[in-house]
Amino acid sequence: MKIGICAPSTPFTREDAARVSALAATSHPSAELYFHDQCFAEAGHFAGSDDERRDAFVEIANDPSFDAVWFVRGGYGACRIAEDAVAALKPAATDKIYMGYSDAGNLLGALYGAGIGRVCHGPMPADIRRAGGEAAVTRALDWIVHQSPHALEPHVQTGEKHAAFNLMTLAMMAGTPLMPDLNGHVLMVEEVSEYLYGFDRAFFNVSTHLQSAGLAGLRLGRVSDVPENDRPFGEGAEDIARRWCAKTGINYLGRADIGHDADNRIVPFGLATSSAAP
């Protein structure tokens, strides 16, 4: 199992890459991790220029020696390259696992919409920096290498379609060519570091765009590190989700075990091939 790692958004460090590689060598000795040098490039906010980030992803995705493409971290930048990157993919890119979350959702959505690969919302190498992050990295490798059901979000059911995104990322994707068809899907969303009024605004946009998309339902993941506004917003995150779902006719299904944290569980896009349910 050869896993190519690239940075479509922001850069990583060689020290953290070494930590991830050392962990993988112990926990998953059959996995060969390859960090593209582009992961460590810097161009202002980004892990290299748009061209460098696009080309590194395309290089790994089109290389038949790689079994998976793992996005190293989020931040911002994937939306600037996703459409051109997916358009440059060749047949070798179609039979790979692609995993990430947060800003990487732009590429996950574009890949899924194009029917390329086995797309998964799940932990990234950068999670090694979190408290308990070794468990997140190990969980991601459990799925990439072994497709272990225990790594899945508990509500993922065999025979049901799923997709998962950071809410703000999804709100920015809505109405763009990166947005996949989610008809018949259970959509899971999570958020981090947004004021509740910003969360409310994003939910308005997403639910309005998706009210006629034929969703099977929506689950809310964790909404963490919410900044304190100058006055109480008056609703919690789940209250907001329930209200917009009721207003737009989307079936609210409850909570999901995903989020910007070390406990983030894996959600394969589309039909699940195995289930985390007992």
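## Overall architecture

The chain contains 8 helices and 11 strands, and the coordinates discussed here come from a predicted model. With a radius of gyration of 18 Å, close to the 19 Å that the globule rule gives for 278 residues, the chain is as compact as a globular protein of that length.

## Burial and contact range

Of the 278 residues of the chain, 55% count as buried, that is, they have under 20% relative accessible area. When contacts between residues at least 6 apart in sequence are considered, 80% of them join residues at least 24 apart.

## Packing of helices 7 and 8

Two packed helices are described by the angle between their axes and the distance between the axes. For helix 7, which covers residues 196-210, and helix 8, which covers residues 237-248, the angle is about 25° and the axes lie 10 Å apart. Because angles under 35 degrees count as roughly parallel, helix 7 is roughly parallel to helix 8. The crossing in which helix 7 passes helix 8 is right-handed.

On the side of helix 7, the contact is made by Leu196, Phe199, Asp200, Phe203, Phe204, Ser207 and Thr208, while helix 8 contributes Ala237, Ile240, Ala241, Arg243, Trp244, Cys245 and Thr248. Taken by residue class, the contact of helix 7 with helix 8 comprises 9 nonpolar, 3 polar and 2 charged residues.

Methods:
Residues are numbered from 1 along each chain as its sequence is written. This is a predicted model: local features need pLDDT of at least 70, side-chain atom pairs count only at pLDDT 80 or more; totals for chains, interfaces and linings use all residues. Side-chain values use heavy atoms; hydrogens and water are left out. Axes are lines fitted to C-alpha atoms, for helices over the stretch in contact, and angles run from 0 to 180 degrees between N-to-C directions. Helices (H or I, at least four residues) and strands (E, at least two) are DSSP runs, numbered from the N terminus. Angles under 35 degrees count as roughly parallel, over 145 as roughly antiparallel, 65 to 115 as roughly perpendicular and the rest as oblique. A crossing is left-handed if the near helix is turned anticlockwise from the far one by less than a right angle, and right-handed if clockwise. Contact means heavy atoms within 4.5 Å. Ala, Val, Leu, Ile, Met, Phe, Trp, Tyr, Cys and Pro count as nonpolar, Asp, Glu, Lys and Arg as charged, and the others, Gly among them, as polar. The radius of gyration is taken over C-alpha atoms; the globule rule is 2.2 Å times the number of residues to the power 0.38. Buried means under 20% relative accessible area, exposed over 50%, partly exposed in between (1.4 Å probe, protein chains only).
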